[in-house]
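Welcome, and thanks for taking a look at this one. Please keep the sequence and the 3D view open while you read the briefing below.

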Amino acid sequence: MTLDDRLKKGILYLATQVSADSEAKLGTVMHAGQRRRVLRRTTAALGALAILLIALYATGGLLNDLSAQQVDTAGRPNETGTDDEPPETGGESGSGSAPQSSRSEQSRGSSAGTRSSGGGSIPGESPGIKNIAFNRSMDIYLIGADGSRLRFLTQGVAPSWSPEGRRIAFSTSSSGGSLQLINADGSERHGLGAAGAFPAWSPQGNRLTFNWKYDSNKVGCRPWNESEGDPGPECGIGVVGTDGSGSQWIGTGRWPDWGPDDRIVFGDGMPEQPCRYSSTYTAALLETAARAGPPQCHLPLWVMNSEGSGRLRLPVERAIAPTWSPDGRKIAFYQENGGIFISSADGKDVTNIAPAGYSEPSWSRDGRWLAVTRETVSFQWSIYLINVDGSDRGQVTSGARDTLPAVAP
Amino acid sequence: MTGSSGAVVRGVARALDTHDDFANLFRAEFPSIVRTASLILGDQERGSDIAQEAFTRLFVSWRRVSKYDRPGAWLRRVTIRLAGKEARRSSLLGVALRKLPVPAATPAPYSDLHSALQELSHAQRTAVVLHYLNDFPVREVAEALGCAEATAKVHLHRARKRLAEILGEEEGS
């Protein structure tokens, strides 16, 4: 029996030991719900009454009435001039007119082939890739495209190569997730003094864009949970100089990637409506959104200038971790339960090149290959290389916790 | 029957009449929610309390939540959030976990697993329960935990590794 089988059977068995009589509790729950509704309505009514009294008091209405009554007793005409507005009937705005989701169908033109070498080399042709950086658990490793020369680089998360291929940006997996730089030979690791994660380099190699640090004042921010090895906050997009200067927040979103024409492509971090495919929606946000209408699930891609201006929505949905091709003419991304897709730079001509289970694409320098994460079996991930037309796939690493590949330029 | 209890019965009866969908969801999901919360908290009594609170919140918001594709997913998220709050509260107050009852006839491996689950962090235990009890894929575990998918992967990996260590199993088996 495998570990998975044992855990599955054991947990199911333990669950059967829990007594859960639904019929006995249904009335209790519904009664409690009714009581809470009544309490909510009563509180709202009392609040409205209080506001009305305050308003009347503020406009002098009560005082005028009182003084008018006092004047009446003196025999003068009582011109109250009262406001006899009809009572509010409590019409609810927004109910019943919730917008409908209008998911566009993804093109699945050339479905990927399934040839796989599975043995640490790419069949057919050499991809011409020197190194791939990737995460093995919370450590960063380097490896050759043929699976040779595996070596530990440093502790950290989400490596990203500089354009010239000599340095790697990443974030720490503890101490608040600060951005770090290290030479590819492992020397001169140092922090940039900016809190965030998932860095990506500017084409000139002098700035980084990244997932901005947690900010409790921003709606939709998800805090860092360093004790659990959380790989990064999700609170909008920042840019910072590679010398640590000029750190600034440039807009909402997540997973930014800097293209060769100085545009940044990124995912939808904080949409107006909750979406069950997103990892950023906490139960609290869902509760808030529950009052606004049914959920939508667009999660489109966006592009913008590096100053945060010119935001343009691309016609792809449920897109995660977008990345520009080296020539800036294509974007690779993945969908949960959908695999890896490639679109044109304007988000059109979407092609599914790898099925569900493949994720986190990173382009080779010649734009012909993608290093990707593949879930080989339950909870086990390895790094693979796939051809951009999906025709060839080969396993690079044989680890079980290998994710977030980044191909050296 | 007193006046107040009669009103309660009539109120519940009306609610049952007008909330058939809620009642159906309750009957379908309540056992699963109780078991999930109980395994996450390691305590059946508190798990049952959390489940009832989650359904109460669902009932209050039912008119809108019922329009969702999956009201059950909303319910599960609320449950997990409430269980997380309860776990933190218990931790802060130093409340000792009351373990789930493990009958004497329980096979040893499951008894070991029961103990091993208590060794995990709250997030790890939640991730494991959601995956193995509720068959959630990683993405939905992340969604339910309110964290990034990569984070959920880490939770599951660490939980699986820790459980393998405690149970004396090969992680890759």
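Across all chains of this predicted model, a search of the whole structure turns up 7 aromatic pairs. Rings of Phe, Tyr and Trp (its six-membered ring) count as a pair if their centres lie within 6.5 Å; planes under 30 degrees apart are called stacked, those over 60 edge-to-face, and the rest tilted. The rings of Tyr141(A) and Phe152(A) have centres 5.5 Å apart and planes at 80°, so this pair is edge-to-face. The pair links distant parts of the chain, with Tyr141(A) in strand S2 (residues 139-143) of chain A and Phe152(A) in strand S3 (residues 151-155) of chain A, 11 residues apart. Helices (H or I, at least four residues) and strands (E, at least two) are DSSP runs, numbered from the N terminus.

**Reading the model**

- Residues are numbered from 1 along each chain as its sequence is written, while chains are lettered from A and ligands numbered from 1 in the order in which they are written.
- As this is a predicted model, local features need pLDDT of at least 70, side-chain atom pairs count only at pLDDT 80 or more, and totals for chains, interfaces and linings use all residues; side-chain values use heavy atoms, leaving out hydrogens and water.

**More about the rings**

- Tyr141(A) is buried, with a relative accessible area of 19%; buried means under 20% relative accessible area, exposed over 50%, and partly exposed in between (1.4 Å probe, protein chains only).
- Phe152(A) counts as partly exposed, at 46% relative accessibility.
- In chain B, Phe26(B) and Phe30(B) form a stacked aromatic pair, 4.7 Å centre to centre with 10° between the planes.
- Both Phe26(B) and Phe30(B) lie in helix H2 (residues 20-41) of chain B, 4 residues apart, about one turn of the helix, and both are buried.
- Back in chain A, ring pairs link Phe134(A), Tyr141(A) and Phe152(A) into a cluster.

**Charges over rings**

- Arg136(A) lies over the face of Tyr141(A), at 5.4 Å from the ring centre; a charge sits over a ring if NZ of Lys or CZ of Arg is within 6 Å of the ring centre and within 35 degrees of the ring normal.
- Arg311(A) lies over the face of Trp302(A), with 5.2 Å to the ring centre.

**Chain A as a whole**

- Chain A has 4 helices and 23 strands, and 50% of its 409 residues count as buried.
- Among the contacts in chain A with a separation of 6 or more, 47% come from residues 24 or more positions apart; contact means heavy atoms within 4.5 Å.

**Salt bridges**

- The whole structure holds 14 salt bridges over all chains, each a side-chain nitrogen of Lys or Arg within 4 Å of a carboxyl oxygen of Asp or Glu.
- Asp4(A) and Arg160(B) meet through their side chains in a salt bridge (2.9 Å, N to O).
- Asp4(A) lies in helix H1 (residues 3-16) of chain A and Arg160(B) in helix H9 (residues 149-167) of chain B, so the pair joins two chains.
- Asp4(A) is buried at 18% relative accessibility, and Arg160(B) is buried at 3%.
- Glu169(B) and Arg6(A) also form a salt bridge (2.6 Å, N to O).
- This pair joins two chains too, because Glu169(B) lies in the segment after H9 of chain B and Arg6(A) in helix H1 of chain A.
- Glu169(B) counts as partly exposed at 21% relative accessibility, whereas Arg6(A) is buried at 12%.
- Arg368(A) and Asp366(A) make a salt bridge (3.9 Å, N to O); Arg368(A) is partly exposed at 37%, and Asp366(A) is partly exposed at 38%.
- Salt bridges with shared partners join Glu164(A), Arg166(A) and Arg167(A) into one network.

**A surface patch**

- Leu46(A), Leu49(A), Leu52(A) and Leu53(A) form a nonpolar patch on the surface, with about 380 Å² of accessible area together.
- Patches are made of residues with over 30% relative accessible area and no salt bridge, joining like charges within 9 Å and nonpolar side chains (Val, Leu, Ile, Met, Phe, Trp, Tyr) within 5 Å.
- Leu46(A) sits in helix H2 (residues 22-58) of chain A and counts as exposed, at 53% relative accessibility.

Definitions and conventions
Areas by Shrake-Rupley, 256 points an atom, 1.4 Å probe, with all protein chains shown as cover.
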